[in-house]
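Please take a moment with the sequence and the model before reading on.

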Amino acid sequence: MKKTALVIMAAGIGSRFGKGIKQLAPVGPNGEIIMDYSIHDALEAGFNKVVFIIRKDIEDEFRKVIGNRIEKITEVEYAFQALEDLPEGFEKPADRTKPWGTGQAVLAAKKVLAEPFVVINADDYYGKEAYVKVHEYLVQDHPKDGQMHICMAGFRLGNTLSDNGSVTRGICDIDNGALVGVNETHNIYKTENGAEERSEDGKAAPLDVKSLVSMNMWGLTPEFLEILEKGFAEFLGELGPDDIKKEYLLPEIIDRMIKEETAKVDVLETKDTWFGVTYQEDKASVAEAFANLVKEGVYPENLYK
């Protein structure tokens with residue numbers, strides 16, 4: 001069986017992890033958190049390794065809350081994202097407190113990744129179908145045509161909205177199944193008839209709920225890590241004194257590769273519903289959604305029996 005990894009970006013979790021942070025509140029019948037379901041779905045789809053990207057200061061608590069449990073069922077590796085972890089010749093600016101972004105997070109896992117991998121956010125639930133499709137894509141042979149062949153799970157906009165306020169989504173521009181670009185769209189509200197984008201002046205424009213959006217779920221290869229490493233040094237070299245909050249972000253890196261024609265990004269549509277805790281009020285609806293999935297037999301009552 002080909003080795004494939006699930007990479008979970010969890011370095012954004014606060015130091016009070018496991019003690020009330022909203023994104024990691026228990027949502028399952030036995031206190032499971034969203035990550036438990038993501039790992040369950042990935043292993044079921046054929047992934048056979050989990051890489052947690054965390055910060056060093058939360059390692060002990062993280063292992064207690066989830067890591068030790070997962071080590072009993074699959075291979076687990078840890079990678080540590082840190083502000084000070086920079087290429088040779090660079091130093092952390094004294095007043096920099098904001099993390100360097102998702103590009104640096106994935107780059108932190110370079111030493112423990114030698115296989116194709118899917119990368120996800122720790123606090124998002126993606127459903128089963130996306131893992132199956134991404135895994136099938138990663139274990140296939142792709143043309144040797146000078147381009148890197150990677151993929152993205154595309155979710156229907158209507159399946160990613162919150163009942164409790166606005167969301168920002170990257171609406172995909174797709175040509176013949178391949179990603180052309182991502183249009184970052186802010187202030188998207190769920191409406192009675194679908195969805196709309198509201199501008200600052202109060203004007204509303206309807207959006208197609210069947211449009212595919214990116215939820216930061218990418219199917220990538222070890223070669224992509226080489227691009228990340230080279231690109232991070234370039235990113236740091238271009239930072240100006242006013243760029244104290246600028247981040248090195250996966251969608252921007254991938255977008256540049258598409259424009260330079262060094263990558264072809266296939267969009268794999270999933271009709272599953274995405275859940276996430278964007279607002280404090282989302283916790284109750286997410287817990288209810290998981291209760292229904294258990295009731296319908298999608299998940300066993302106890303994931304780890």
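**A guided reading of the model**

At 4% relative accessibility, Met 257 counts as buried, where buried means under 20% relative accessible area, exposed means over 50%, and partly exposed lies in between, with a 1.4 Å probe and protein chains only. This is a predicted model, in which local features need pLDDT of at least 70 and side-chain atom pairs count only at pLDDT 80 or more, while totals for chains, interfaces and linings use all residues. Residues are numbered from 1 along each chain as its sequence is written, and side-chain values use heavy atoms, with hydrogens and water left out.

Met 257 has its place in helix α6, which covers residues 250–259; helices (H or I, at least four residues) and strands (E, at least two) are DSSP runs, numbered from the N terminus. When residues up to four places away in sequence are not counted, Met 257 touches Met 148, Phe 224, Ile 227, Thr 262 and Ala 263, contact meaning heavy atoms within 4.5 Å. Along the chain, Met 257 and Ala 105 are 152 residues apart, and their C-alpha atoms are separated by 19 Å.

Leaving out residues up to four places away in sequence, Val 27 touches Glu 32, Ile 33, Ile 34, Tyr 37, Val 286, Ala 287 and Phe 290. Val 27 and Glu 229, by comparison, are 202 residues apart in sequence and 36 Å apart in space, C-alpha to C-alpha. Thr 4 is found in the segment before β1 and counts as buried at 0% relative accessibility. With residues up to four places away in sequence again left out, the residues that Thr 4 touches are Gly 46, Phe 47, Asn 48, Lys 49, Glu 115, Pro 116, His 135 and Val 139.

Two packed helices are described by the angle between their axes and the distance between the axes. The axes are lines fitted to C-alpha atoms, for helices over the stretch in contact, and the angles run from 0 to 180 degrees between N-to-C directions.

Helix α1 (residues 34–45) packs with helix α4 (residues 128–139) at an angle of about 40 degrees, and their axes are 9 Å apart. The two helices α1 and α4 are therefore oblique to each other, since angles under 35 degrees count as roughly parallel, over 145 as roughly antiparallel, 65 to 115 as roughly perpendicular and the rest as oblique. The crossing of α1 and α4 is right-handed; a crossing is right-handed if the near helix is turned clockwise from the far one by less than a right angle, and left-handed if anticlockwise. On the α1 side the contact is made by Ser 38, His 40, Asp 41, Ala 42, Glu 44 and Ala 45, and on the α4 side by Lys 128, Tyr 131, Val 132 and His 135. Sorted by class, this contact of α1 with α4 has 4 nonpolar, 3 polar and 3 charged residues, with Ala, Val, Leu, Ile, Met, Phe, Trp, Tyr, Cys and Pro counted as nonpolar, Asp, Glu, Lys and Arg as charged, and the others, Gly among them, as polar.

Helix α1 also packs with helix α2 (residues 59–71), at an angle of about 15 degrees and with the axes 11 Å apart, which makes α1 roughly parallel to α2. The crossing of α1 and α2 is right-handed, and the contact is made by Met 35, Asp 36 and Ile 39 of α1 together with Phe 62, Ile 66, Arg 69 and Ile 70 of α2. By class, the contact of α1 with α2 has 5 nonpolar, no polar and 2 charged residues.

The cysteines come next. The structure holds 0 disulfides, a disulfide being a pair of cysteine sulfur atoms within 2.5 Å. The sulfur of Cys 151 has its closest cysteine sulfur in Cys 172, at 12 Å, which is too far for a bond. Cys 151 is buried, with a relative accessible area of 0%, and Cys 172 also counts as buried, at 12% relative accessibility.

Finally, the backbone deserves a look at two asparagines. Asn 176, in the loop between β7 (167–175) and β8 (178–191), has a phi near 55 degrees, a positive value in a residue other than glycine, and at 78% relative accessibility Asn 176 counts as exposed. Asn 216, found in strand β11 (residues 212–220), has a positive phi of about 65 degrees although it is not a glycine, and counts as buried at 12% relative accessibility.
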